[in-house]
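Trainee: Could we walk through this model together before I set anything up?

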Amino acid sequence: GGDLNLACAETGEAYAWPIPFKGEISLNPVKLMMPKKIKVSKVQCGHDFGFLISNEGLVYSYGKSNKDGQLG
């Protein structure tokens, strides 16, 4: 409930945790599936949601739900 961590590597890859996986919660960072041409340079987290910002300035939202419109 409300836990989300995001990180980006110098290579432009993005990671998130904890992640539900096959009925379990993975506490290890999981690489997010992004198109290879998208390089993430910044991340920001809120309660159950986060934003990824690419080198080109594009914004991607990620989260549990959009019930309050927080994802876009």
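This is a predicted model: local features need pLDDT of at least 70, side-chain atom pairs count only at pLDDT 80 or more; totals for chains, interfaces and linings use all residues.

Trainee: In the open sheet of three strands, what is the strand order?

Mentor: Strands here are DSSP runs of E, at least two residues, numbered from the N terminus, and two of them pair if DSSP finds at least two bridges between them. β6 (40–46) and β8 (59–63) each have a single partner strand, so they stand at the edges. The pairing is antiparallel and the order is β6-β7-β8.

Trainee: How many bridges join β6 to β7?

Mentor: The two strands form a hairpin with two residues between them, and D48 in the turn has a positive phi of about 70°. Across the pairing, K42 stands opposite I53, while G46 stands opposite F49. β7 covers residues 49–54, runs antiparallel to β6, and the bridges joining them number six.

Trainee: Is K42 buried or exposed?

Mentor: K42 lies in strand β6. Buried means under 20% relative accessible area, exposed over 50%, and partly exposed in between (1.4 Å probe, protein chains only). K42 has 53% relative accessibility, so the label is exposed.

Trainee: Why does the pair of F49 and F51 get its class, and which class is that?

Mentor: A search of the whole structure finds one aromatic pair. The test is that rings of Phe, Tyr and Trp (its six-membered ring) have centres within 6.5 Å, with planes under 30 degrees apart stacked, over 60 edge-to-face and the rest tilted. Here the centres of F49 and F51 are 5.7 Å apart and the planes are at 80°, so the pair is edge-to-face.

Trainee: Which of the accessibility labels does F51 get?

Mentor: F49 has a relative accessible area of 18%, so F49 is buried. F51 comes out at 26% relative accessibility, so F51 counts as partly exposed.

Trainee: How many charged residues are in the lining of the second largest pocket?

Mentor: The lining includes E13, K31, K36 and K39, along with others such as T11 and G12. In this scheme Ala, Val, Leu, Ile, Met, Phe, Trp, Tyr, Cys and Pro count as nonpolar, Asp, Glu, Lys and Arg as charged, and the others, Gly among them, as polar. The lining has six nonpolar and two polar residues, and the charged ones number four.

Definitions and conventions
Residues are numbered from 1 along each chain as its sequence is written. Side-chain values use heavy atoms; hydrogens and water are left out. Helices (H or I, at least four residues) and strands (E, at least two) are DSSP runs, numbered from the N terminus. On a 1 Å grid over the protein atoms alone, a cavity is a set of points where a 1.4 Å probe fits but cannot get out, and a pocket is an open set with protein on both sides within 12 Å along at least five of seven lines; lining residues have an atom within 4 Å of a point.
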